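Q: Can you walk me through this one? I have the sequence and the structure open and want the main points.

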Amino acid sequence: MTGQRKHRDDLRGLSRRDLLRLGVAAAAGAAWTGGIVRAPSAAFAQAAPTRGGTLRIGQRGGGASETLSPMRNVNEIDIMRTHVLYERLYAYDANGGVVPQLAADASPNPNATVWRIKILPGVVWHDGSPFTANDVVYSLQYIATKANNANGYTEIAYINPSNIRALDPSTVEIRLDQPNALLTTSLAARTIWMVKDGTKTFDQPNGTGPFKFQSFTAGERSVFVRNSAYRTHNGPYLDALEIISFSDETARLNALQTNVTDVMSQYPLPLAKTLTANGPIRLLRAPRAFTETMYMAVDLPPFTDNRVRRAFRLMINRDQMVKTVLGEFGVVGNDLFWPTDPDYASQLPQHAYDPDQAKSLLRAAGKENLSVSIYTGDAGPGMLDSATILAEQAKNAGVTITLNKVPGDQYYTAQYLKVALGQGGWSARPLTTQFAQVLNSTAPYNETHFHNADFDKLTDQARKTIDPKKRRELWVAAQTLLWNEGGYIIWGFQDNLDGYAAKVHGLTPSVSRWLGAYNFTDVYLS
Amino acid sequence: MNPLLREIVFRLGAGVLTLLAASALIYLGVSALPGDAATAALGRDATPQLVEGLRKQFGLDRPVLERYGNWLAGFVRGDLGHSLPTGVPVAHVIGDKLWNTVVLAGVTMALLVPLATILGAVSALRPDGIVDQSTAAITLSLIATPQFVIGAILAVVFAVWLKWLPAVSLIDPSRPIFARPSILVLPVVTLLAAALAQSVRMIRATMIEVLDLPYIEAARLNGIAAWRLVLRHALPNVVAPAIQVLAYNVPWLLGGVVIVESVFEYRGVGLTLITAVQTRDLPTVEALAMLTTIVIVATSFFADITVILLNPRLRRRA
């Protein structure tokens, strides 16, 4: 599955006790650092990148369950390692758009049932051998074979492994049973990694990425060194990366503050305000990279009636919710996914705050003085807070919402896809991917239990349409349908936040994952 | 049979029964938690098919009692089993982390004993005096504060602000812990902070009782100096209760170790236990639970036996 926030890596949904500790630690840290003389201003910072040094990254670990496999990993720290060692045919740019990485070109036939992909010339594996079409074929076949249980299986399950072949050392041909104009989007998913032809085990990683494997101790640390044969002209500048596993968020924060680590991804939202642009610790922000949604199951009472769904969308004061939960680190949402996507239906009017209209809708539906519970927990940034505020705001529409809290690390098991009203966090990804994962009838994470034939038809058609303009019209029509009768309450989008020491340069934010989607190629230390 | 021997055998038997009961309770308890190793390994990707497949692989599709029986059979043979997500032998997972925790707990106990005794004795010599009252105030407020808050405050003050000590006690596996003793300081102080209150109060109470005894009065009337009084006449009678106090502290300390290792990222078995529970890694949790139970049972066993041996009256009665 592509870039979802895993429940374990996302225990940055802080428990009360974590927050208490972090509060003490960071308030003190802020008070202390606030008194230090400011670093010299940016005018002197534009020096040329210096080569050398080791970047120490403190990341939440997974103990004994950590793995080097790019095919089956769940911990965010393992995902980081994969991004550093391996590459994909396609990847995401800073705004979540699909761009080529190991592919040079991809061309479909007129009805998008046969694709020819040319790979980038001159790429070598860490062991020195050349990257060829056979490697691509092997990797895709491996992932598309159900028995291998690769994370990326559902992403390319529609491709029959026997329909993937190499036409020549630099061209791969993929034949599809059904037209798909968006094959390259599937290949950009963060689970479709290229490994060398014939690889069966992944303990000795051999990738094409900017860093090579040196050492790994599960639950403790891993070290990667510069790949001097990497194809970029200048980078990587760093000699090495050291990724250190932490079990505790306070310790991870303290490590950054005491120069034990240089970088910390998923910097806690409540503490981000204390960082300043010239301080010893700085903030990397990727706007609108994440959303903590609320969902209503359209086949469960009371949400079977669209009037009730519309009422719920109207009774939320989104400005207040965003201000309280996210502060300056978020914007209001219109119950639709991904304003960063070029096909986002930005022309649809913003759902407004109208508790009176909400009340009359509920009355018309015979659901005055409704009482419902929301499934919630500390399983994501702002999840519990937004649920609490929802309960407050709902009172103005005569609705009583009770919080059904579960511990953060158990949130996404069992009950999550069965409740009538719940929450789910999602990080930015292309619309087609998001719809396939949550809104199409066959979606594995169908939070809103949406089985709408019209919607499926529109999305199917869009995926077969090669012309981008026509395709956009179909996406907009699909979104209009969701805007009118869908089950999501997407009240806001929030920034991905990372913390880094002042000596770290070259980190560029990306909406698709933290720390610039773990791109350290241009990072250097001063 | 010699009464003392009978006592020992009886206690050993009770200890084994305790182990058995604890192992069953913990196994069933962790199994009853929502989610299992398969859902934990898959996280949000836990679609029903994937979960089923992984459950089979982990052997989680068998009934709980059967799995417990298998584990028990293995345990009595000395086979600790394999960690669920990765299949690595549990002994390997725990490995050198055990030594790290032993060092942490050992250093703490080594400091706790003299500290508690001195503070308790001095407090008892002058009840409600300056030392007594200030010790009481400090230790009681420390015990009222959650340990993770104490740890966090210590880390902020001594590491982030003053930079005297490391905030994070990352152990370098290539060097012995004592090569860098500074990483032990804050964790040990945090553990002591909470453990001191009880130990000091108990020793103080015992000491006050002892100092009230007639033979002490007699010694004092004979002109023996206060310190000599305490050291040579009172202290020996406090040893037995002190041992019991310390044994009483061990379970408490073991719980504290988990918290402290977490706050300072000190890679001992406490941290291993936390991750094992999060990943529902039953074999590792059981192994660590058994370890803890053995330590606690053994400590109270030895404490009881030592007290009996030290006290001629109890020896005779036993």
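Q: Start with chain B. How many helices and strands are there?
A: Chain B has 13 helices and zero strands.

Q: What does its C-alpha trace span?
A: About 85 × 65 × 35 Å along the principal axes of chain B.

Q: Which domains does the assignment give for chain B?
A: Domain 1 covers 1–85 + 282–318, and domain 2 covers 97–278. Taken over C-alpha atoms, the centres of domain 1 and domain 2 of chain B are 28 Å apart.

Q: And how many residues are in contact between domain 1 and domain 2 of chain B?
A: 14 residues of domain 1 of chain B contact 14 residues of domain 2 of chain B. On the domain 1 side of chain B, helix α12 (residues 282–310) gives the most, with 12 residues.

Q: What classes of residue are on that domain 1 side?
A: Where domain 1 of chain B touches domain 2 of chain B, its side has eight nonpolar, six polar and no charged residues.

Q: Moving on to helix packing. How do α6 and α8 of chain B cross?
A: The axes of α6 (residues 130–144) and α8 (residues 182–211) of chain B come within 8 Å and cross at roughly 130 degrees. Angles of 65 to 115 degrees count as roughly perpendicular and those over 145 as roughly antiparallel, so α6(B) and α8(B) are oblique to each other. The crossing of α6(B) past α8(B) is left-handed.

Q: Which residues make that contact?
A: From α6(B) they are T135(B), T139(B), L140(B), L142(B) and I143(B). From α8(B) they are A193(B), A194(B), L196(B), A197(B) and V200(B). By class, the contact of α6(B) with α8(B) has eight nonpolar, two polar and no charged residues.

Q: What about α10 and α11 of chain B, at what angle do they cross?
A: Roughly 85 degrees, with the axes of α10 (residues 226–264) and α11 (residues 269–278) of chain B coming within 7 Å. That is why α10(B) counts as roughly perpendicular to α11(B).

Q: Which residues meet there?
A: V257(B), V258(B), E261(B) and S262(B) in α10(B) meet G270(B), L271(B), L273(B) and I274(B) in α11(B). The contact of α10(B) with α11(B) has five nonpolar, two polar and one charged residues.

Q: Now the two chains. How many residues does each give to the contact?
A: Chain A gives 38 residues and chain B gives 42 residues. On the side of chain A that touches chain B, the elements giving two or more residues are α1 (16–34), β10 (240–246) and α6 (249–257) of chain A.

Q: Which element of chain A has the largest share?
A: α1(A), with eight residues. By class, the side of chain A that touches chain B divides into 16 nonpolar, 15 polar and seven charged residues.

Q: What is the mean pLDDT of chain A?
A: The mean for chain A is 90, and 91% of its residues reach 70 or more.

Q: Where in chain A is the pLDDT below 50?
A: One stretch is residues 1–14 of chain A, which has 62 contacts in the model beyond near neighbours in sequence. Another is residues 31–45 of chain A, with nine such contacts.

Q: How should low-pLDDT coordinates be read?
A: Where pLDDT is low, the predicted coordinates should not be read in detail.

Technical notes. Residues numbered from 1 in each chain as written. Chains lettered and ligands numbered in written order. Predicted model: local features only at pLDDT ≥ 70, side-chain atom pairs only at ≥ 80, totals over all residues. Domains from an automatic or database assignment. Contact = placed C-beta atoms within 7 Å. Helix = DSSP H or I, 4+ residues; strand = E, 2+ residues; numbered from the N terminus. Nonpolar A, V, L, I, M, F, W, Y, C, P; charged D, E, K, R; others polar. Axes fitted to C-alpha atoms, helices over the stretch in contact; angles between N-to-C directions. Parallel < 35°, antiparallel > 145°, perpendicular 65-115°, else oblique. Left-handed = near helix turned anticlockwise from the far one by under 90°. pLDDT = per-residue confidence, 0-100.
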